[in-house]
Amino acid sequence: MDRPNHPRIHHVGVQTADLDNCLDWYREFFDAEKKWELDRFSELTLSRLPGIRKLIEISFGDVRLHLFDRAGHNGRTPDEDGFLFQHVCVQVATPQELVERRRRWIELYESGRYTFARPELPTEIVVDDDGVRSLYLFDVNGLEYELSYIPDGPR
């Protein structure tokens, strides 16, 4: 039951060292659409994200991402032993979409058009005891996504 005052996620912020590389990859891999962009920021934003130069909102399905770059970005991926959002899960409509997305990731990687912070191939598609099928992959920034097909049922 959806309660009117129940919080929900509006967007996820993705910091990148190369905004063009990131934007183009999300457009090609997720078929994302650019919604708007900013290049002027509040004092609060400037104090929290020193060196921010541009922010672009993209969307695909019900997912919104805010892609942004900052002057002086060190280009390193997060420390896996520290606190971080470990992955974001994007639900897909069919099991075949997982196969297609995995194939597409490999195609984009092998094209040489994109620079990847973590050049690791996507996992194989795994199926759990409830029939949920999942695939894990990294975006160009080294951020992990789980793509899942979740069949009808108690989940």
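The following exercises, each with a worked solution, concern the predicted model shown above.

Residues are numbered from 1 along each chain as its sequence is written, and side-chain values use heavy atoms, with hydrogens and water left out. As the model is predicted, local features need pLDDT of at least 70 and side-chain atom pairs count only at pLDDT 80 or more, whereas totals for chains, interfaces and linings use all residues.

**Exercise 1. Strand S3 and its partners**

Determine which strands S3 is joined to, and whether S3 is largely enclosed or open.

Solution. Strands here are DSSP runs of E with at least two residues, and helices are runs of H or I with at least four, numbered from the N terminus. Two strands pair if DSSP finds at least two bridges between them.

- Step 1. Strand S2 (residues 33-38) is joined to S3 by five bridges, and the two run antiparallel. Within S3, Ser59 stands opposite Glu33.
- Step 2. S3 is also joined to strand S4 (residues 63-70), by eight bridges and again antiparallel. Here Arg70 of S4 stands opposite Ile52.
- Step 3. The hairpin of S3 and S4 has two residues between the strands, and Gly61 in this hairpin takes a positive phi near 60°.
- Step 4. Buried means under 20% relative accessible area, exposed over 50%, and partly exposed in between (1.4 Å probe, protein chains only). Strand S3 (residues 52-60) is largely enclosed by the rest of the structure because seven of its nine residues are buried.

**Exercise 2. Helix H3**

Check the span of H3 against expectation, and describe how H3 meets H1.

Solution. 

- Step 1. The expected span is 1.5 Å times one less than the number of residues. The 17 residues of H3 (residues 95-111) should therefore span 24 Å, and the end C-alpha atoms are 25 Å apart, which agrees.
- Step 2. Buried residues of H3 include Leu98, Ile106 and Leu108. Their cover includes helix H1 (19-30), strand S5 (88-92), S7 and strand S8 (144-149).
- Step 3. The axes of H1 and H3 come within 10 Å and cross at roughly 145°. Trp25, Glu28, Phe29 and Phe30 of H1 make the contact with Arg101, Arg104, Trp105 and Leu108 of H3.
- Step 4. Just after H3, Gly112 takes a positive phi of about 80°.

**Exercise 3. Two contrasting residues**

Classify Thr16 and Asp129 as buried or exposed.

Solution. 

- Step 1. Thr16 lies in strand S1 (residues 12-16) and counts as buried because its relative accessibility is 2%.
- Step 2. Among the residues that Thr16 touches are Cys22, Phe68 and His73.
- Step 3. Asp129 is placed in the loop between strand S6 (126-127) and strand S7 (133-138), and counts as exposed because its relative accessibility is 83%.

Note on methods. Contact means heavy atoms within 4.5 Å. Axes are lines fitted to C-alpha atoms, for helices over the stretch in contact, and angles run from 0 to 180 degrees between N-to-C directions. Lists of a residue's contacts leave out its neighbours within four places in sequence.
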